[in-house]
Amino acid sequence: MHKTCGGGRPKKKIYYRVHELDRAMDLQKKPSLILQLKSIIQAQKSQSLLLRDLEKEVGFVQKWNFMAAIEKYPTIFRVSGGTGTPPMVMLTKKAEKIAAEEVNAREQMQPILVKNVRKLLMLSVDCRLPLETIEFIESAMGLPCDFKKSMIPKYPEYFSVKDVNGRAYLQLENWDSSLAVTAREERLAREGILDSYGSSKKVRISKDGNFPGRFAFQLSFPAGFRPNKSYLEEVQRWQKMEFPSPYLNAKRFEISETRARKRVVAVLHELLSLTMAKRMTSAQLDAFHSEYSLPDRLLLFLIKHHGMFYITNKGAKSTVFLKEAYDGSNLIEKSPLLGFWEKFVALRGRREIDSGIGMPS
């Protein structure tokens, strides 16, 4: 993205920041810390953790952040002991009561997760993914850490684990055409755009690049980005262009073809749509490079489509957002598990912003 002046050198390339999404990353830090400490405490047989053992769980540096959280949020954590008894931290009675609701949230998540994992496999070239890849994204998907034992064996009609050249893969057992519908297509159907396809009414593309067409994506250009007429005309042609479904096998298409590259956009859009917070780290996305036939220079590809995707370097790792899933810094639709996490974190006594809820490590 650069502009030129006459015959001179192009101006410095600019990547326009979306401050609301940068803020969403900042807002998740404290909630994520609270949820991680909750999980550590609940993992203990006594439902309490000796403060001296905190360093073993989180490391020396992080220990101080957790100690600060324990002191700052007495409505969630309480410390007992002293005078000959080692101090320990546990959940307050109110926090324990709300924490008990997680079981119900996890039960509600089960059919959602089964469906989403099936769709993950259907997007891949051979309807299978390395188990280590799914483990790598388990927090983004909302999968339980023991999903290999607690979920996969329960659904032999959908999943099996195969050894491929000494590597464990999760294999799709049955293809379900009813699942081969993208989140984008579901939105268009709700808005009645798919039903109205074929209407002779001519619609002009708006200045924001959005177009109510069957093959169009929802765009949101960053503040400060001012597309000129030729850019919008190019966007309009791209929005109108047909492309194959992301659920069709990628082996059937050459990545150099324009329609095939638009299909890759649809694959990335669908992959992010399957996550709880509609975002993944760039490393997590890149883990699907082979199985999804993604472009070699993936980040540059995402930057080119900055109306749909946003890359932030806030936090320890760069993260890719699906922009349409957010209203400012707030995630629009939340899963039952995200809803539970939000309710638990709200015990800290402050107004919680939706997208501030992060996945605990």
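A salt bridge is a side-chain nitrogen of Lys or Arg within 4 Å of a carboxyl oxygen of Asp or Glu. By that rule, Glu 102 forms a salt bridge with Arg 106, and their closest N and O atoms are 3.4 Å apart. Welcome to this predicted model, in which local features need pLDDT of at least 70, side-chain atom pairs count only at pLDDT 80 or more, and totals for chains, interfaces and linings use all residues. Residues are numbered from 1 along each chain as its sequence is written, and side-chain values use heavy atoms, with hydrogens and water left out.

**Salt bridges**

- Across the whole structure, a search finds 16 salt bridges.
- Side chains of opposite charge can pair when their charged atoms come close.
- Glu 102 and Arg 106 both belong to helix H6 (residues 102-123), where they sit four residues apart, about one turn of the helix. Helices (H or I, at least four residues) and strands (E, at least two) are DSSP runs, numbered from the N terminus.
- Glu 102 is buried, at a relative accessible area of 14%, while Arg 106 is partly exposed at 29%. Here buried means under 20% relative accessible area, exposed means over 50%, and partly exposed is in between (1.4 Å probe, protein chains only).
- Another salt bridge joins Lys 314 and Asp 26, with the closest N and O atoms 3.8 Å apart. This pair links distant parts of the chain, 288 residues apart: Lys 314 is in the loop between strand E8 (309-312) and strand E9 (319-322), and Asp 26 is in helix H1 (residues 19-27).
- Both partners are partly exposed, Lys 314 with a relative accessible area of 35% and Asp 26 with one of 32%.
- Asp 26 and Lys 314 also belong to a network of salt bridges together with Lys 29.
- Lys 334 and Glu 342 form a salt bridge too, their closest N and O atoms being 3.1 Å apart. Lys 334 counts as partly exposed at 34% relative accessibility, whereas Glu 342 is buried at 18%.

**Helices that pack together**

- The axes of helix H2 (residues 29-42) and helix H4 (residues 60-72) come within 10 Å and cross at roughly 90°. Axes are lines fitted to C-alpha atoms, for helices over the stretch in contact, and angles run from 0 to 180 degrees between N-to-C directions.
- H2 and H4 are therefore roughly perpendicular to each other. Angles under 35 degrees count as roughly parallel, over 145 as roughly antiparallel, 65 to 115 as roughly perpendicular and the rest as oblique.
- On the H2 side, the contact (heavy atoms within 4.5 Å) is made by Lys 30, Leu 33, Gln 36 and Leu 37. On the H4 side, the residues are Gln 62, Asn 65, Phe 66, Ala 69, Ile 70 and Lys 72.
- By class, this contact of H2 with H4 has five nonpolar, three polar and two charged residues. Ala, Val, Leu, Ile, Met, Phe, Trp, Tyr, Cys and Pro count as nonpolar, Asp, Glu, Lys and Arg as charged, and the others, Gly among them, as polar.
- H6 packs with helix H15 (residues 336-345) at an angle of about 160°, their axes 8 Å apart. H6 and H15 are therefore roughly antiparallel.
- From H6, the contact takes in Glu 102, Ala 105, Arg 106, Gln 108, Met 109 and Ile 112, and from H15 it takes in Pro 336, Leu 337, Phe 340 and Trp 341. These residues divide into seven nonpolar, one polar and two charged.

- In soluble globular proteins, nonpolar side chains tend to be buried together.
- The largest nonpolar core here has 95 residues, and Phe 77 and Phe 344 touch the most other members. H6 gives the largest share of this core, nine residues.
- A nonpolar core is a set of buried Ala, Val, Leu, Ile, Met, Phe, Trp, Tyr and Cys residues joined through side-chain atoms within 4.5 Å.

**Loop residues with positive phi**

- Asn 165 is not a glycine, yet has a positive phi of about 55°. Asn 165 lies in the loop between strand E5 (159-164) and strand E6 (167-172) and counts as exposed at 81% relative accessibility.
- Lys 278, also not a glycine, has a positive phi of about 55°. Lys 278 is in the loop between helix H12 (258-273) and strand E7 (279-281), and is buried at 18%.
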